[in-house]
Amino acid sequence: MIEYLDFGSNYMTGTLPRSLEDLNYLSMLYLDHNQFRGTIPPTYGDLGGNKLQEFWVNHNNLVGYVPTSFSEIWALTIKTQGNNLTIMHDICWKGVMPGRGNLLELGADCGRCSCDVLCDANHCY
């Protein structure tokens, strides 16, 4: 049973592996500082049976949107900066709406985040 997986800074390339979807107990996934490209599969928000607590894909070559299925996770740290990813309101509002769970930490590039309540002119928090 794998709960923690850290492939950060390993010079990995290609698209994000679909095989991770089979890890039913995964709570922490670090794929940061690699050369992954493409989009984040929509099913990644269901990793670990919605038990995922940390998801780091920062500093890759990913594009598109962070799947809104991440908004179903109760407590989440997500880091996406250093890509060309957009974060939509469904994920952002977890941190400010009662009963939606907790967005513990969001790392996003300014201008790529639809979280008006979490961003000012220069920073996303």
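The structure, a predicted model, holds four aromatic pairs (rings of Phe, Tyr and Trp, the last by its six-membered ring, with centres within 6.5 Å; planes under 30 degrees apart count as stacked, over 60 as edge-to-face, the rest as tilted). Y30 and W56 form an edge-to-face pair, 4.8 Å centre to centre with 90° between the planes. Y30 lies in strand β3 (residues 28–30) and W56 in strand β5, 26 residues apart (strands are DSSP runs of E, at least two residues, numbered from the N terminus). Y30 is buried at 9% relative accessibility, whereas W56 is partly exposed at 22% (buried is under 20% relative accessible area, exposed over 50%, partly exposed in between; 1.4 Å probe, protein chains only). Y4, Y30 and W56 form one aromatic cluster.

**Y44 and F55.** The ring centres are 6.1 Å apart and the planes at 80°, so Y44 and F55 are an edge-to-face pair. Y44 counts as buried at 0% relative accessibility, and F55 is buried at 0%.

**Strand β7 and its neighbours.** Four of the five residues of β7 (residues 75–79) are buried, so the strand is largely enclosed by the rest of the structure. T77 is the bridge partner of E54, and L106 that of I78.

**Notes.** Residues are numbered from 1 along each chain as its sequence is written. Local features need pLDDT of at least 70, side-chain atom pairs count only at pLDDT 80 or more, totals for chains, interfaces and linings use all residues, and side-chain values use heavy atoms, leaving out hydrogens and water.

Key
Pairing = 2+ DSSP bridges.
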